[in-house]
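Student: I would like to understand how the labels given to a model follow from their definitions. Could we go through some of them in turn?

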Amino acid sequence: MWIFAAVEIVLVITTFAKTTWKYGDSDRDDGIYGPRAWGNVASSCRQSDQSPIDIVTEEVEADSSLGELDISCDNDKGLFNGILLNNGREPVLTADDERGTCNLTGAVLKNKNFQLHDLNIHFGCDTDKGSEHTIDGKAFPAELQVMFYNTDYGSYEIAAPLQDGLAGISVLLKIGHSKNIALDSIVDQMDDVAIEGSSIPIHNSVDNLTLADLIPELAKEHAPYYTYRGSLTVPPCYHSVRWIVMKDPVTLTEKQLLAFKKLTSKKGSLCDNFRPTTPLNGRKVEANF
């Protein structure tokens, strides 16, 4: 259920341990660690309850009491502005709270208020991989993640290490014939941010980028989702995220996906910027359907 707000977004670079971790295999000679060795970068990456995971649908526990998710923003369209930045690992958008924000609530979050912090996108070099979360062993070509923080703690930085500090919405992206209009306002700028560190403004009045269109399932009543307790999927891997994985994937075209592959870092292409799935280790995965 949506109540929309005007939100201005700025993209910021993830600064944690930038020179010591990467996606893919470790570069032992350079001391740059890949996902399976991120424990050398941050001790939290060695904790047992990590993310992402493979969701095995036959083992998911249905719990209708989880209910719906409510997102409220400042206006009836939820338009937001931003600066699109290639940070060398992924496109990341971080909300400028002073210019408005969006808030997430729901029974799954114990009715606490979680405020929008950032958006990020993971994608593969090939269409058979790219997403961080998988369903019954199936990977998707890309995944959009929207991160929120518990406002009880006052800021993302304070909330991030705490057990109930963060909530993440995952939207799995699949290839189809229908263009994803919301993503177009980002896709159209890929040539301008192809090089690591480059950035360009996105204006809501021109680009019509809305959080509602990025996560269309939330505009419906009883939008189905999976949920579990997990972690950030990058160092420092804090075990503080209530993950909400939308059941139904969202479509983007192959041409749109190819646009993301134009992004490069100093080491090469940004594609395959995903952490492999981690063991469930006895955790419960639930669904509201």
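Tutor: Strand β5 (residues 69-73) and strand β8 (residues 103-106) run antiparallel and are joined by four bridges. This is a predicted model, in which local features need pLDDT of at least 70, side-chain atom pairs count only at pLDDT 80 or more, and totals for chains, interfaces and linings use all residues. Residues are numbered from 1 along each chain as its sequence is written, and side-chain values use heavy atoms, with hydrogens and water left out.

Student: What makes β5 and β8 strands that pair?

Tutor: A strand is a DSSP run of E with at least two residues, numbered from the N terminus, and two strands pair if DSSP finds at least two bridges between them. Within β8, N103 is the bridge partner of S72.

Student: How do you know that β8 also pairs with β9?

Tutor: Two bridges join β8 to β9 (residues 114-123), again in an antiparallel arrangement, and because the definition asks for at least two, this pair qualifies. The partner of N103 in β9 is Q115.

Student: Why is K110 called exposed?

Tutor: K110, in the loop between β8 and β9, has a relative accessible area of 71%. Exposed means over 50%, buried under 20% and partly exposed in between (1.4 Å probe, protein chains only), and therefore K110 counts as exposed.

Student: Why does D272 count as partly exposed?

Tutor: D272 lies in the loop between β18 (268-269) and β19 (286-287), and its relative accessibility is 21%, so the label partly exposed applies.
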